[in-house]
Structures are given as structure tokens and as C-alpha cells.
Amino acid sequence: RMIVVGIGHMGRALAGYGGFAERGLRVVGLFDIDPELIGSTAGNPQVGMLPILPLADLAAFVHANRGAIGVIATPADAAQSVAETLVGAGVT
């Protein structure tokens, strides 16, 4: 169960990558801070599209969905804060 934070070019590519399923991984949550992205969808049409959620909802999502792997696809200056948010939510 993977969560991708930062749904720019890299985050979209990761969210849509079909090879994760072959390795037993499933993207379950997508998060961003861009109001223009929040509420839209991304992912792999063959596996399923997911809504892009606000980063402020990350902790509640992790607790409700037991996200296990956090993938950070943000600009470098935001990565440490996102890592701390993921760890604070229980992602190891």
C-alpha cells in the first residue's frame, strides 16, 4: 500500500506506473497542496484512478487506510516537511 505525495510530473508518472502491481504494491492515496489538482484524479486507468487529496488530510487517510509506504515526489524544499508528516502519521 503506497501513498504518493506531490502529483506533479514525477508523482503522476509514479501513480500511473503499472509495474507496481506486478511487484505486489498498490497505490492507495495521492496527495498534493495545489488547489487546482485537489479533487481531480490521477493513476492508471487499467488499475484505477484515484482522487488527489489535500495534504492536510494525509494523517487521517493513513490511519484509516493503513498506508505503509510513502513516496515523496515534491520539490526538494518541501521533502523534509512531507517526510515528517508521513512519519507523524505512522508511515514507516
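Mentor: Let's start with a rule: two strands count as paired if DSSP finds at least two bridges between them. Strands here are DSSP runs of E with at least two residues, helices are runs of H or I with at least four, and both are numbered from the N terminus. Keep in mind that this is a predicted model, where local features need pLDDT of at least 70, side-chain atom pairs count only at pLDDT 80 or more, and totals for chains, interfaces and linings use all residues. Residues are numbered from 1 along each chain as its sequence is written, and side-chain values use heavy atoms, with hydrogens and water left out.

Trainee: What makes E3 and strand E4 a pair?

Mentor: They are joined by 4 bridges, and the rule asks for at least two, so E3 and E4 pair. They run antiparallel, with E4 covering residues 48-54. Gly43 sits opposite Met49 of E4.

Trainee: Why are strands E3 and E5 said to stand at the edges?

Mentor: The open sheet has 5 strands in the order E3-E4-E2-E1-E5, with mixed pairing. E3 (41-44) and E5 (69-72) each have a single partner strand, so one side of each lacks a neighbour in the sheet. From one strand to the next, the twist averages 30 degrees.

Trainee: Which strands does helix H3 touch?

Mentor: H3 (residues 58-65) packs on the sheet and touches E1, E2 and E4, where contact means heavy atoms within 4.5 Å. The direction of H3 makes about 170 degrees with that of E2. Such angles run from 0 to 180 degrees between N-to-C directions, using axes fitted to C-alpha atoms, for helices over the stretch in contact.

Trainee: Why are the buried residues of H3 said to line one face?

Mentor: Those residues are Leu58, Phe61 and Val62. Buried means under 20% relative accessible area, exposed over 50%, and partly exposed in between (1.4 Å probe, protein chains only). Down the axis of H3, the buried residues fall within an arc of 100 degrees, so they line one face; the arc is that of the directions from the helix axis to the C-beta atoms. The face turned away carries the exposed residues Ala60, His63 and Ala64.

Trainee: Why is the pair of Tyr17 and Phe20 called edge-to-face?

Mentor: Rings of Phe, Tyr and Trp (its six-membered ring) pair if their centres lie within 6.5 Å; planes under 30 degrees apart are stacked, over 60 edge-to-face, and the rest tilted. For Tyr17 and Phe20 the centres are 4.9 Å apart and the planes meet at 85 degrees, so the pair is edge-to-face. Tyr17 has a relative accessible area of 43%, so it is partly exposed, whereas Phe20, at 14%, is buried.

Trainee: What makes Phe31 and Phe61 an edge-to-face pair?

Mentor: Their centres are 5.3 Å apart, with 75 degrees between the planes. Phe31 is in strand E2 and Phe61 in helix H3, so the pair ties together parts 30 residues apart in sequence. Both residues are buried.

Trainee: What makes the radius of gyration agree with a compact globule?

Mentor: The globule rule is 2.2 Å times the number of residues to the power 0.38, and the radius is taken over C-alpha atoms. For 92 residues that gives a value near 12 Å; the protein chain has 12 Å, so the two agree. Of those 92 residues, 34% count as buried.
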